[in-house]
Amino acid sequence: LAKTDRLDARVLARFAEEVESHLLEKRTENQTKLDALVTCRQQHKQNRTRLLNQRGMAREKLAIASLGN
């Protein structure tokens with residue numbers, strides 16, 4: 001096998017440059033708002049799934065009614 005330390009070092013240096021440039025980019029206000037909305041939507045979907053699962057497992061009529069339609 002050929003010694004690749006020099007090649008590895010170059011690849012790692014190039015990767016670090018790319019990552020650093022992306023980390024230094026300032027996010028716009030719209031990007032920040034969109035991230036918040038996406039997170040909120042994911043949380044609502046998870047909560048809906050949780051409630052539907054609870055309703056599916058409920059046996060008592062009162063428990064089913066309390067979990068909504």
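Let's start with Arg14 and Glu17: both sit in helix α1 (residues 5-24), three residues apart, about one turn of the helix. A helix here is a DSSP run of H or I, at least four residues, numbered from the N terminus.

A word on the source. This is a predicted model, where local features need pLDDT of at least 70, side-chain atom pairs count only at pLDDT 80 or more, and totals for chains, interfaces and linings use all residues. Residues are numbered from 1 along each chain as its sequence is written, and side-chain values use heavy atoms, with hydrogens and water left out.

Now the pairing. Side chains of opposite charge can pair when their charged atoms come close. A salt bridge means a side-chain nitrogen of Lys or Arg within 4 Å of a carboxyl oxygen of Asp or Glu. How many salt bridges does the structure hold? Four.

Arg14 bridges to Glu17 at 3.7 Å, N to O. Arg14 also bridges to Glu18, at 3.2 Å, N to O. Arg14 and Glu18 are four residues apart in helix α1, so about one helical turn separates them. Together, Arg14, Glu17 and Glu18 form a network of salt bridges.

Next, helix α2. Lys33 and Glu29 both lie there, four residues apart. Their closest N and O atoms are 3.2 Å apart, in a salt bridge.

Buried or exposed: which is Glu29? Glu29 is exposed, at 57% relative accessibility. The cut-offs are under 20% relative accessible area for buried, over 50% for exposed, and partly exposed in between (1.4 Å probe, protein chains only). Lys33, at 47%, is partly exposed.

Key:
Helix = DSSP H or I, 4+ residues; strand = E, 2+ residues; numbered from the N terminus.
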